[in-house]
Structure formats: C-alpha cells, structure tokens
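Visitor: I'm new to reading protein models. Could you walk me through this one?

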Amino acid sequence: MPVSLIPSFLAYCFVGGITPGPANLCSLSAALRYGRAPALRQWRGLFCGFFLDSMGAVALTWPLGAALNEYVGMLSWVGAAYLLWMAWHMLRPSAAGPDRDPAVPSFRGGLLVQLTNVKVILFCLAALSSYVLPYSRSLWALLPVGLFLPLTGPLCNLVWLFAGASMQKLFEHHRRTVDVVMALSLVLCAVSLVWPH
C-alpha cells in the first residue's frame, strides 16, 4: 500500500469500526443489560473472532485475489439471517433467569457473533482487496494489514461497551424499550446487508 493511502485506510478502518453493526450493538446491549465485566468477557470473544475473520480474509485474498469479489455478496444473506435471529432472541423474554439465559455475554457468544458478522468479513475483504491487492499480491504485503485490522473494530467495540456500561443505571428501568431499540437496529443492519445499493 502506498504511503499516500494510509490516511484513507485509517479513515476507512475508523468509520467501518465505529458505525453500528452487530458487534457494536451486542457490546452496547451486553453492557446495558449485564454491566461491564460480563460485556468485557464477551468482548474478548469479539476480539478473537475479528482476528480469525481477518486472518481468514488474508488466506482467501492471497490466492484468489480479485476473483473473490463476485462471491462475497452471498455472505450478505447469511449475515442478514443471523442478524434477524439475534434480534428475535433479544426480544424474547427469558423465563429461565440470568444463569440460564443464552443471551448472557460470554466469550463463546462474542466469538460466534464475530465469526458470523458479515460486516466484519466484508470489511476485512474490502480493506485487503482495495488497499493492498491493487499494489501487491504478496502474502507479506497482506499479512501486516490483516494483523492490523483486529485492532480497529474491537477498539471501537470498547467505545460502545463503555458507553453502555456508563448508561446502565439510566436504562435499568427501561430494559424492554432498550431491547426493542437494539433489536430494531439489528433488523436495520440485516436489511442494509441485502437491500440493493
């Protein structure tokens, strides 16, 4: 990647990381509902999932290069279905209590959210194919960018997580409303993935 593209690449990483998406909304929701410590447990899974997505994108873009772009669109439908499933679970009341609630933030849950997060998969593939592949198809050019990407999204997840933790007391008595807003946000994310641009 030419040095002149680094500011554009960093802006791409910030905007892609800070805008609402499944991981950011899950971080916010987990912190609002359960507090900082459980949300941080989930964040560790989000970070590992992002790292695996990024390394997977490097592994795919290195041998396939530009030919990959025409098949990436199919992932949008899978991601949209998963987002709708998450929204449905967010709206479903949990009669089982907090210890048996599958929505309680966990490392495994965070990992699953990120591994199926089409926004992150497309983000990584687009970063590599737009900022690296036009200038080099070398694994040694793709790998540093692939290693940098997991530092972007998860750091932005922390912004959402700490915002949720700081507003937890405020929203304590409005949990159902917050759940509905978060679920509707996930539905909007799902629609935006498959709606023609």
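**A walk through the model**

Guide: Happy to! Keep in mind that this is a predicted model. Let's start with Q42, which is found in helix α3, residues 36-64.

Visitor: Why is Q42 called buried?

Guide: Buried means under 20% relative accessible area. Q42 comes in at 7% relative accessibility, so Q42 counts as buried.

Visitor: Which residues does Q42 touch, leaving out those up to four places away in sequence?

Guide: Q42 touches C26, S27, A30, P105, S106, F107 and G110. As for the protein chain, 43% of its 197 residues count as buried.

Visitor: What lines the largest cavity?

Guide: There are 15 lining residues, and G16, G17, F50, K119 and V120 lie nearest the centre. The elements giving two or more residues to this lining are α1 (6-18), α2 (22-34), α6 (118-131) and α8 (153-166). Sorted by class, the lining has five nonpolar, nine polar and one charged residues.

Visitor: How many helices and strands does the protein chain have?

Guide: Ten helices and zero strands. Also, among contacts in the protein chain with a separation of 6 or more, 89% come from residues 24 or more positions apart.

Notes:
Residues numbered from 1 in each chain as written. Predicted model: local features only at pLDDT ≥ 70, side-chain atom pairs only at ≥ 80, totals over all residues. Heavy atoms only, no water. 1 Å grid on protein atoms, 1.4 Å probe; cavity = no way out; pocket = protein on both sides within 12 Å on 5 of 7 lines; lining within 4 Å. Helix = DSSP H or I, 4+ residues; strand = E, 2+ residues; numbered from the N terminus. Nonpolar A, V, L, I, M, F, W, Y, C, P; charged D, E, K, R; others polar. Buried < 20%, exposed > 50% of the residue type's maximum accessible area, 1.4 Å probe, protein only. Contact = heavy atoms within 4.5 Å.
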